[in-house]
Amino acid sequence: MTGRPSAGWRVERRTGSAAELLEPWPPPDSQAGPVVRAGRVNESGALVLGSTQDRALIDAGHAAEAGIGIVRRSTGGGAVLVAPDAQVWLDLWVPRGHRLWDDDIISAAAWLGEAWMLALEGLGAGPLDVHR
C-alpha cells in the first residue's frame, strides 16, 4: 500500500484479493484527516456480499467451479461481482467533526456523488445526474 497527501486528503493505493481489501480500514493513524483508498483486485474474482445478505442464495459449488470466491463486507448493500483488473474499488473515510462529516448517511454521500459526477463529466461522460 502506498499513501500520499492530496489537497488535505491522504490518498492510498492498495492491490490485493477482495478479502484483503475488505480488512478493517482505515489504520489508526488516519484519525487526523480524511483518507481515500483506491483498491485493485489482483487475484481471482469474488462475489462480495453485503453484511446481511443470505449466503444460502448463492450456489457455492458453481462459484467455486468458476473460480469465484465468496466474501462478505461489514457494510450493507447488495452483492457485487469483482474481477482482477476490472474495476477500481474506492473506500473513503471522513473523521467525525470534519466539514464533510454528516450523521445523515444520505447527506453524507451527496457531496461525493456530486464530485464523482463532475469527475466523470470531465472525462467526457454525460449528461449525468446524482440520484438522491
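## Cavity and pocket

In this predicted model, the count comes to 1 cavity of 30 Å³ or more. The largest cavity has a volume of about 30 Å³. Its lining consists of Gly-39, Arg-40, Val-41, Ala-83, Pro-84, Asp-85, Ala-86, Gln-87 and Trp-89. Strand E3, which spans residues 35-41, gives the most to this lining, with 3 residues.

The largest pocket holds about 1400 Å³ of space. Its lining is made up of 39 residues, and those nearest the centre are Thr-75, Leu-90, Asp-91, Leu-92 and Leu-112. Two or more lining residues come from each of strand E6 (80-82), strand E7 (89-93) and helix H3 (105-122). Helix H3 supplies the largest share of the pocket lining, 10 residues.

The table sets out the make-up of the two linings.

| Lining | Nonpolar | Polar | Charged |
|---|---|---|---|
| Largest pocket | 24 nonpolar residues | 7 polar residues | 8 charged residues |
| Largest cavity | 5 nonpolar residues | 2 polar residues | 2 charged residues |

For the largest pocket, how many residues come from H3? The number is 10.

Terms used:
Residues are numbered from 1 along each chain as its sequence is written. This is a predicted model: local features need pLDDT of at least 70, side-chain atom pairs count only at pLDDT 80 or more; totals for chains, interfaces and linings use all residues. Side-chain values use heavy atoms; hydrogens and water are left out. On a 1 Å grid over the protein atoms alone, a cavity is a set of points where a 1.4 Å probe fits but cannot get out, and a pocket is an open set with protein on both sides within 12 Å along at least five of seven lines; lining residues have an atom within 4 Å of a point. Grid points are joined across faces, edges and corners, and a volume is the space filled by probe spheres set on the points. Helices (H or I, at least four residues) and strands (E, at least two) are DSSP runs, numbered from the N terminus. Ala, Val, Leu, Ile, Met, Phe, Trp, Tyr, Cys and Pro count as nonpolar, Asp, Glu, Lys and Arg as charged, and the others, Gly among them, as polar.
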